[in-house]
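Colleague: Hi! Could you walk me through this model in plain words?
Modeller: Happy to, let's look at it together.

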Amino acid sequence: MDLSISSPFRGAFPGPTSTFILNPKSRCSHSLNFFKHRNSYSKNPLFSRQKIPIRAQVSDPAVDDGFVIDDVPHLTDFLPDLPSYPNPLQTSQAYAIVKQTFVRPEDVVAQKIVVQKDSSRGVHFRRAGPCEKVYFKSEEVRACIVTCGGLCPGINTVIREIVCGLNYMYGVDDILGIQGGYRGFYSKNTLILTPKVVNDIHKRGGTFLLTSRGGHDTQKIVDNIQDRGINQVYIIGGDGTQRGASRIYEEVEKRGLKVAVAGIPKTIDNDIAVIDKSFGFDTAVEEAQRAINAAHVEVESVENGIGIVKLMGRYSGFIAMFATLASRDVDCCLIPESPFYLEGKGGLFEFIEERLKENGHIVIVVAEGAGQEYLAQSMQGIDEKDASGNRLLLDVGLWLTQNIKDHFTKERKMAINMKYIDPTYMIRAIPSNASDNIYCTLLAQSAVHGAMAGYTGFTVGPVNSRHAYIPISLKCFSMN
């Protein structure tokens, strides 16, 4: 997904839209600043499970093509004598017609595919998929799944496909569901998950396992994992959740436990660096258009109608931007990546007045993270954080609505009809659409293949349309 757009859309697309759009400081431009623990290789890499950089011998030592792989940890890093076994997919009829069943150890995915002639080859990630060797016998696996943080379309699909993937592909029968987020490890009962139990949960919104924010206690969680004999942990959540997953992996490694920790990134906001997009995003954009359409119908039916739709996204404007482009009924889109101002020439008030004179109505979409600097000044907001450590945002939708109303009724003496819509919880709570269902299936199966192959401390996602394993330690989530 290339989101390096740096200029307004006015004139670039047909229709009335004027958009305050992404500047070059988009999520993809700074992701390299987060990279740590790189293992470097040459053109013909010698893959090693050691954590020190290893480079193959080349004829000219001065030649450096800049090939770098950010590899994921493996159980054999701290359990070197761990035995491996043939992958049961070798005898699966479902894979009989596939020319290449398994990914090769040397298969990697390039983070950057647009390069210049003399540029370095850049950063690569290990390609996701089934491996020829696995490090768990099917009968010895006891897996668990936990969901943390806010709701997002597709969570239940991921849960379902992890369970079905483990059972149908690898013959795993012992799968537990941890209820209520991280604190469920030490304060809640577990559910026994089977394909029959999760058969139709993908048709529902929310999370079948319940969720919560916070509650992360690394020692208690790993104690519980050890006491229950769990050896595969699948963690579905956003940035705070994945930071917790990283700490769980570190403690597991410290104790020398044969436990694979796999993260599945979840954020409806699509604000994850490195990967192409997050699951639930397509569904959110599709549902957001319903709110935009309602606002458009309302303001079109009155004189001087001004409709404001606030969409989620925290400090990114992807939902607002994509919903705007898809809708074609939006006149102005405000996003955090592109600052705006209200008064003066070229300001929002002037633009609104021009549109009202020209069309008699206007629809504005605002991302929840936009204009926070103005709200902090005018409302003297307290810097509060939620249980996951995310800073709470002030309500830009209500603030913008009131400022527009005051400006036109008190200063310009114009009669206006304000319509404000906040569909946040309606969007979060719906089931995933067809596109996201397919995407969630691929994410879940990639996580299962990775854990069975002995990888740990990783998260999964598509990089340039190819699924890859990314170390959780890279902090590829947006950090606010």
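Colleague: How do helix 5 and helix 6 lie to each other?
Modeller: They are oblique to each other, since helix 5 (residues 281–300) and helix 6 (residues 318–327) pack at an angle of about 60° with their axes 9 Å apart. Angles under 35 degrees count as roughly parallel, over 145 as roughly antiparallel, 65 to 115 as roughly perpendicular and the rest as oblique. Axes are lines fitted to C-alpha atoms, for helices over the stretch in contact, and the angles run from 0 to 180 degrees between N-to-C directions. Helices here are DSSP runs of H or I with at least four residues, strands are E runs with at least two, and both are numbered from the N terminus.

Colleague: Before I go on, what kind of model is this, and how are residues numbered?
Modeller: This is a predicted model, where local features need pLDDT of at least 70 and side-chain atom pairs count only at pLDDT 80 or more, while totals for chains, interfaces and linings use all residues. Residues are numbered from 1 along each chain as its sequence is written, and side-chain values use heavy atoms, with hydrogens and water left out.

Colleague: Back to that pair: which residues of helix 5 meet helix 6?
Modeller: From helix 5 they are Phe281, Ala284, Val285, Ala288, Gln289 and Ile292, and their partners in helix 6 include Phe318, Phe322 and Ser327. Contact means heavy atoms within 4.5 Å. By class, the contact of helix 5 with helix 6 has 10 nonpolar, three polar and no charged residues. Ala, Val, Leu, Ile, Met, Phe, Trp, Tyr, Cys and Pro count as nonpolar, Asp, Glu, Lys and Arg as charged, and the others, Gly among them, as polar.

Colleague: And what about helix 3 and helix 4, at what angle do they cross?
Modeller: The axes of helix 3 (residues 218–228) and helix 4 (residues 239–255) cross at roughly 60° and come within 10 Å. That makes helix 3 oblique to helix 4. Among the residues that meet are Ile221 and Asp223 in helix 3, and Arg247 and Glu251 in helix 4. This contact of helix 3 with helix 4 has five nonpolar, three polar and four charged residues.

Colleague: How do helix 7 and helix 9 lie to each other?
Modeller: Those two are roughly perpendicular. The axes of helix 7 (residues 348–359) and helix 9 (residues 396–411) cross at roughly 65° and come within 11 Å. Leu348, Phe349, Ile352 and Glu353 in helix 7 meet residues of helix 9, including Leu400 and Phe408. The contact of helix 7 with helix 9 divides into six nonpolar, two polar and one charged.

Colleague: New topic: where does Ser138 sit, and what does it touch?
Modeller: Ser138 lies in the loop between strand 7 (133–134) and strand 8 (143–147). Not counting residues up to four places away in sequence, Ser138 touches Tyr170, Gly171 and Val172. The side chain of Ser138 reaches the backbone oxygen of Tyr170 at 2.3 Å.

How values were computed:
A polar contact is a pair of N or O atoms within 3.5 Å; within protein, one must be able to donate a hydrogen and the other to accept it, and residues adjacent in sequence count only if both atoms are side-chain atoms.
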